[in-house]
Amino acid sequence: MKTPNPQNIPGIFNYCNRWCERCPFSDRCTLYQQEHGDWPDEDADMNEDAFWDKLKGNLENSMDMLQELADEQGIDLNEITQEEQEEAYHEMQVNELMVDINPLSNLTSDYLDTCLTWVKNSEIWASLHEHIHLQSGDKINELEAIRDESLEVIQWYMTLIPSKVHVALNSKEEADFWDQYPVEERHYNGIAKLILVCLKDSLEAWEGLESLFSSAPEQLLYAKSLLSTIESQIRAQFPDAELFKRPGFDS
Ligand code: SF4
C-alpha cells in the first residue's frame, strides 16, 4: 500500500467543491494525488503490466480503507448475515424515499433546470454580447471576463449543489449512527456547510451576470430566488452546519 504524503490534510476531499484546478490544497490532498498520479491514465495501454499493477494496487488500497473503516465501526465484514444485508437494503430504500420527498430535492432539481435553460438561452447570450460590444475597448474585456467567470462558476456548481444536497439529506437520515457524535463532527453538517459555500459563490456569480444587464432577465431573478430559498432550507434543516470545521478550509 502506498504511504500517503505526511503533509496531506486528512479527509480534506470529503468537504471540498472538487474544483481541483482552483484548489489551493491540491499538493496536500490524497485524492488529488491519487487521481493525478497513482491511478492509471485514461489512455494507458491496457496490455502494459504497469497498468494492471497500478489498478491492482489501487483496488487493494480501497479494500484496505474499507477494512479500516469497518474495524473502526466494530463491524466484522465476514459476519454480515443475509438478514442484516436485507435490513440494510431496506433501510437504504427508506432513506432514499425520505430524501426524494424532502422539499430540498425539488428545489435543487428546479435550480439545475433553471441553470440549464439559462445556459442554453442563445437569445439572452446574443443580446448580452451586443450590449457588451456597445462599450469601449477596455471595458469590453472587463465585462467579458465577468460574464465568462460568472458562467463558469454557475456551471460548476449547478450539478454539485443537487448532488451534495442529496448526500447531506441521505447522511442525515442515518441519525442513529451520527447521534453518537457531537454535532460539529457529523458528516451531514460538513456537507451542509460546503453547500452553503457553493450557494454563496453561485449567488455572487449570478450577481456578476446581473451587473451586465440594464434590466435583469426574469430567469436570472428566479435562479437567485431559488438559491435564497435553498439556503434558508439548508440553514433550517442543518442548524449546526456552521459549527463543522472542514479540514483545510476552515480554521
Ligand atoms: S481538496 Fe482540492 S485538490 Fe482535493 S479533491 Fe478537493 S478540490 Fe480537489
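## A network of salt bridges

R22, E149 and E152 are joined in a network of salt bridges, a salt bridge being a side-chain nitrogen of Lys or Arg within 4 Å of a carboxyl oxygen of Asp or Glu. Within this predicted model, local features need pLDDT of at least 70 and side-chain atom pairs count only at pLDDT 80 or more, while totals for chains, interfaces and linings use all residues. Residues are numbered from 1 along each chain as its sequence is written, and side-chain values use heavy atoms, with hydrogens and water left out.

The side chains of R22 and E149 meet at 2.8 Å, N to O. This pair links distant parts of the chain, 127 residues apart, with R22 in the segment before α1 (30-38) and E149 in helix α6 (residues 137-173); helices are DSSP runs of H or I with at least four residues, numbered from the N terminus.

## Other salt bridges

The structure holds 12 salt bridges. One of them joins E210 to K224, with the closest N and O atoms 2.6 Å apart, and it links helix α8 (residues 187-210) with helix α9 (residues 218-237). K224 counts as buried because its relative accessibility is 17%, whereas E210, at 22%, is partly exposed; buried means under 20% relative accessible area, exposed over 50%, and partly exposed in between, with a 1.4 Å probe and protein chains only.

In another salt bridge, E142 and K139 have their closest N and O atoms 3.6 Å apart, and because these residues lie 3 apart in helix α6, about one helical turn separates them.

## The chain as a whole

The chain contains 9 helices and 0 strands, and of its 251 residues 34% count as buried.

Technical notes: Helices (H or I, at least four residues) and strands (E, at least two) are DSSP runs, numbered from the N terminus.
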